[in-house]
Amino acid sequence: MRLVLKIGSSVLSAPDGRLDPSSLNRFASQLAALHKEGHEVLVVTSGAIAAGVAQFAWKEKPVDLRLKQAAAAVGQAALMNAYQKALSSFQIIPAQVLLTREDFMNRQRYLNVRNTILKLLFLKTIPIINENDCVSTDEIQFGDNDSLSALVATKVEADKLIILSDVQGLLELDGEGRLTTKIIPVVERVTPELERTVVGAKASKMTVGGMTTKLAAAKMATAAGIEVWIASGHEPDAVKNILAGRPGAGTRFVPRPTKFEARHAWIAFGKKTKGALVIDDGALKAVVEERRSLLPSGIKKVQGPFAEGDSVGIKSFKGMEVARGLVNFSSQDIAIIKGHHSSEIASLLGRSAAQEVIHRDNLVIL
């Protein structure tokens, strides 16, 4: 079984923010047990900036971007050294893989990274993956390792993505909108209602920036056919309990029945969407149910800007994203041809052009 384990900095850190060797050793023992059982394991880890803050003996995490990058550059070495020490006692070789969003957006780089990771698994190593924070400004400001773990799981066609945090799973709300200690055992689908509920939860560390990013990761991975779990990283046998199907192990997110093909996974999640197209009910039926190309006649609104070849979301008139695809036209051109028949495209744009806004081969249903 191919597993992607995402471990948050709160699981690896002591109360003062420094890396906790005992926590990392406990996690390493779980990795070793999985490795011994023949599972292919990848780890998406947080903690580089926090480790750098500790190395510099700063009292708190800096706000300045350049200081964050400096902390990441120093901390990544300390973080990887800690993993190497923890895994060496089990005779396991870790491999460091640092990624940026650009590694997912460019098709050739996407394939190169995928092939490298698969070769590392073939060589029986455990890839330790993190964002390359010291050069990737967008990731430091807006990214999160929950999303990175979902992208990695999709990239390598993992069987399960297990997000280990400081809570036991997705928690139920009480009548006043506050989180309880009761775990929701199974989520069939991450609905807009569920997302709004989590964002609106009162007085909880698992709101924006916490559970919301985990829900987004679960939504992405399950759409690609990957089973997702959210569980406590402080539980010594968390992963073992999940694989054994023990009650109370965490929250399980049910995947779609089939996985995406590699290219479709890249279209859906590798390339960052630059905008969206809002379509009418007729186009919705044609695209989702009949698996047909998206034609200009069914487009009602253009949300951009984006260029030809970019990945865009396709939304129903109610605002739900139902698909993603690579467009044959820029947002400016689509604004001109939307609502028109395909036979009118050439005359409207003054040049010969494709008949479809998004061809079905470049379209992925979510």
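**Burial, helix packing and ring contacts**

Ser 232 is buried, at a relative accessible area of 13%. This value, like the others here, comes from a predicted model. The residue belongs to strand S9, which spans residues 227-232. Beyond its neighbours up to four places away in sequence, Ser 232 touches Leu 164, Ser 165, Val 167, Gln 168 and Ala 238. Val 167 lies 65 residues from Ser 232 in sequence. In space, the C-alpha atoms of Ser 232 and Val 167 are 5.0 Å apart.

Helix packing was examined for H3 and H4. Helix H3 covers residues 48-56, and helix H4 covers residues 65-88. Their axes are 6 Å apart and meet at an angle of about 95 degrees. H3 is therefore roughly perpendicular to H4, since angles of 65 to 115 degrees fall in that class. On the H3 side, the contact is made by Ala 48, Ile 49, Ala 51, Gly 52, Val 53, Gln 55 and Phe 56. On the H4 side, the partners are Lys 68, Ala 70, Ala 71, Ala 72, Val 74, Gly 75, Gln 76, Ala 78 and Leu 79. By residue class, the contact of H3 with H4 comprises 11 nonpolar, 4 polar and 1 charged.

Phe 56 of H3 takes part in this helix contact and also in a ring pair. The model contains 2 aromatic pairs. In one of them, Phe 56 and Trp 58 are stacked. Their ring centres are 4.5 Å apart, with 10 degrees between the planes. Phe 56 has a relative accessibility of 37% and so counts as partly exposed. Trp 58 is also partly exposed, with a relative accessible area of 31%.

Phe 104 and Tyr 110 form an edge-to-face pair. Here the centre-to-centre distance is 6.3 Å and the planes are 70 degrees apart. An angle over 60 degrees counts as edge-to-face, which is why the pair of Phe 104 and Tyr 110, at 70 degrees, is classed in this way. Phe 104 is buried, with 1% relative accessible area. Tyr 110 is buried as well, at 3%.

Lysine side chains were also placed relative to aromatic rings. The ring of Phe 104 has the charged end of Lys 155 over it, 4.3 Å from the ring centre. Phe 104 thus has two partners of this kind, because its ring pairs with Tyr 110 and lies under the charged end of Lys 155. The charged end of Lys 119 sits over the ring of Phe 122, at 5.0 Å from its centre.

Key
Residues numbered from 1 in each chain as written. Predicted model: local features only at pLDDT ≥ 70, side-chain atom pairs only at ≥ 80, totals over all residues. Heavy atoms only, no water. Axes fitted to C-alpha atoms, helices over the stretch in contact; angles between N-to-C directions. Helix = DSSP H or I, 4+ residues; strand = E, 2+ residues; numbered from the N terminus. Parallel < 35°, antiparallel > 145°, perpendicular 65-115°, else oblique. Contact = heavy atoms within 4.5 Å. Nonpolar A, V, L, I, M, F, W, Y, C, P; charged D, E, K, R; others polar. Phe/Tyr/Trp six-rings, centres within 6.5 Å; stacked < 30°, edge-to-face > 60°. Buried < 20%, exposed > 50% of the residue type's maximum accessible area, 1.4 Å probe, protein only. Lys NZ or Arg CZ within 6 Å of the ring centre and 35° of its normal.
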